[in-house]
Amino acid sequence: MKHGQTGGAFPRRAAVTVLLALSISPAWCPEAPVLERLQQAMLGQPMAMSPDEMVALLASHDVHNLPRDFVPIASAVNEASRRQGVSPELVLAVIEAESEFRGDAVSNKGAVGLMQLMPDTAEELAAELDMRWTGGDLLLDPRANINLGTLYLRKMMRSFDDLDHALAAYNRGPYATPPVGFPIPGGETAAFTHRVKELLVLRDSPTPTRSFGEPNPFKASAYFSL
C-alpha cells in the first residue's frame, strides 16, 4: 500500500465512527440535531439519479407522458436536489402530481409550469436564489421552475415536519393548511398528497428509498438533508 493511500479515507471513517457512536444515545449532547444531520449527510447516498434511473422509476408507476428529451429535466432535478437537499424522487413525484411533466401547464388558479408555481410566490423565491425575475414566463423554463419549486418544497418541509402536511402546504399554501396533528383538507389536496406518496411507494408502511435518514412516510425530514 502506497504512502498516503488511506489519507482521505481515514478521516471519513473516523468521522462516521464518531457520529454513529454519538447517535446511539445523543440525548446528553445539546448539538444532537446537528450531529443527526451530519450523520445523515455522511452516510446517505448521493442525491442524484441518472436520466435513465429517473425514467425507469417513473415508468414503474405508469408515467409514460415524459418529454422526449428528458435530460434537461433530469439535470435540473439533480441540480435543485443537491442545492436544496431534497430527495430527487420527491421532486419527480411532485412534478408528476402537479403537472404530469407538462412544462406549459397553467392551472385555473394561475399556477404555472412543471411544479405549478404562482407567479407572486415564484418572484419571492427567485429573490432568495438571486435569480433574475423576468416575469411569469420565466416559470415556463424547466430549469428555473424546478429550482424555484424545489426551494418552495423545502420551505414547506421545514415548516411542516410531516410529509402529508408539507405536501398539502405546497399544494394549497401554508396559511390554508392546518397544523400538524389536524387532518389535511380533502378533495384536490388529498388527491395530490396521495399521488405523490403513491409515486414514492408510500402507502401504509415505510419503504426504503435513496433519501437521507430512516424512511418514514410521516416525517418530511426523511426526504431532505439540509
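The largest nonpolar core of this predicted model has 44 residues, and L90, V94, I146 and Y170 have the most contacts inside it. Such a core is a set of buried Ala, Val, Leu, Ile, Met, Phe, Trp, Tyr and Cys residues joined through side-chain atoms within 4.5 Å; buried means under 20% relative accessible area, exposed over 50%, and partly exposed in between (1.4 Å probe, protein chains only). Two or more residues come from each of α3, α4, α5 (88-99), α6 (119-128), α7, α8 (163-172) and α9 (187-199). With 7 residues, α7 gives the most to this core. Helices (H or I, at least four residues) are DSSP runs numbered from the N terminus.

Residues are numbered from 1 along each chain as its sequence is written. Because the model is predicted, local features need pLDDT of at least 70 and side-chain atom pairs count only at pLDDT 80 or more, while totals for chains, interfaces and linings use all residues; side-chain values use heavy atoms, with hydrogens and water left out.

Y170 is in contact (heavy atoms within 4.5 Å) with V94, E98, M115, L117, G149, Y152, L153, M156 and F192, leaving aside neighbours within four places in sequence.

Helix α7 (residues 142-159) also holds N145, which is buried at a relative accessible area of 0%. The N145 side chain reaches the backbone oxygen of V112 at 3.1 Å, and a polar atom of that side chain lies 2.8 Å from the backbone oxygen of L139. Apart from neighbours within four places in sequence, N145 is in contact with V112, G113, L114, M115, Q116, L117 and L139.

Salt bridges, each a side-chain nitrogen of Lys or Arg within 4 Å of a carboxyl oxygen of Asp or Glu, number 5. In one of them, E79 pairs with R143, the closest N and O atoms being 2.9 Å apart. E79 lies in helix α4 and R143 in helix α7, so this pair ties together parts that are 64 residues apart in sequence. R143 is partly exposed, with a relative accessible area of 48%.

R195 forms a salt bridge with E96, with 3.3 Å between the closest N and O atoms. Since R195 belongs to helix α9 and E96 to helix α5, the pair ties together parts 99 residues apart in sequence. R195 is partly exposed at 21%, whereas E96 is buried at 6%. The side chain of R195 also meets that of E198 in a salt bridge (2.7 Å, N to O). E198 and R195 both lie in helix α9, 3 residues apart, about one turn of the helix.

Terms used. Polar contact = N/O pair within 3.5 Å; in protein donor to acceptor, adjacent residues only side chain to side chain.
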